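Subject: Structure for you to look at

Hello,

Here is the structure I promised to pass on. Please open it first, then read my notes below.

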Amino acid sequence: MYGEIKIGSKTVGMLSNAASLYVYKNIFREDFLKKLQEEKPDEDLFQKMGFVMAKMAEVEKPSELMKMNIDSFYDWLADFDPLDVVLATEDISKLYLANKDGSSVPKNVGG
């Protein structure tokens, strides 16, 4: 599922697919679905997934992301003004969880 989200003054392409969960786990060393099911999920859960989705939209193959780590996330955050990603969290979660939004444009990754 591909979509674009406004984060501050920047429009960011984001892609989620079956590899998203594995890329997330590789980078953050935690299980996204388990965290999502917690009574009170971490506030930064969808900020982290937004990073994964943004990077997945940039690469040809998800395997290109296997060298990324938490430092890569911090570097990405530094590209935005304070609170930009926090304020975009709802849009990120809607894009990730919706999976079928009429305004999205599918993107063929690695295929």
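Start with Lys55, which lies in helix H3. Please keep in mind that this is a predicted model.

Is Lys55 buried or exposed? Its relative accessibility is 16%. The cut-off for buried is under 20%, so Lys55 counts as buried. Leaving out residues up to four places away in sequence, Lys55 touches Leu65, Met68 and Trp76.

Now the overall layout. The chain has five helices and two strands. From the N terminus the order is β-β-α-α-α-α-α. There are 111 residues, and 44% of them count as buried. Take the contacts between residues at least 6 apart in sequence: 69% of these join residues at least 24 apart. The chain exposes about 6,800 Å². Carbon and sulfur atoms supply 50% of that area.

Next, the core. The largest nonpolar core has 32 residues. Which of them touch the most other members? They are Ile7, Met14, Met49, Phe51, Val52 and Trp76. Strands E1 (2–7) and E2 give two or more residues each to this core, and so do helices H1, H3, H4 and H5. H3 provides the largest share, with nine residues.

Last, helix H1, residues 20–28. Its buried residues are Ser20, Val23, Tyr24, Ile27 and Phe28. Why do they sit on the same side of H1? They cover an arc of only 105 degrees around the axis, which puts them on one side. The general rule behind such a pattern is simple. An α-helix has 3.6 residues a turn, so residues three or four places apart point the same way.

What covers the buried residues of H1? The cover includes strand E2 (10–15) and helices H2 (32–37), H3 (45–58), H4 (70–77) and H5 (84–98). After H1 comes Arg29. The phi of Arg29 is positive, near 55 degrees.

Those are my notes. Over to you.

Best wishes

Terms used: Residues are numbered from 1 along each chain as its sequence is written. This is a predicted model: local features need pLDDT of at least 70, side-chain atom pairs count only at pLDDT 80 or more; totals for chains, interfaces and linings use all residues. Side-chain values use heavy atoms; hydrogens and water are left out. Buried means under 20% relative accessible area, exposed over 50%, partly exposed in between (1.4 Å probe, protein chains only). Helices (H or I, at least four residues) and strands (E, at least two) are DSSP runs, numbered from the N terminus. The arc is that of the directions from the helix axis to the C-beta atoms. Contact means heavy atoms within 4.5 Å. A nonpolar core is a set of buried Ala, Val, Leu, Ile, Met, Phe, Trp, Tyr and Cys residues joined through side-chain atoms within 4.5 Å. Accessible areas come from the Shrake-Rupley method with a 1.4 Å probe; for residues, only the protein chains shown count as cover.
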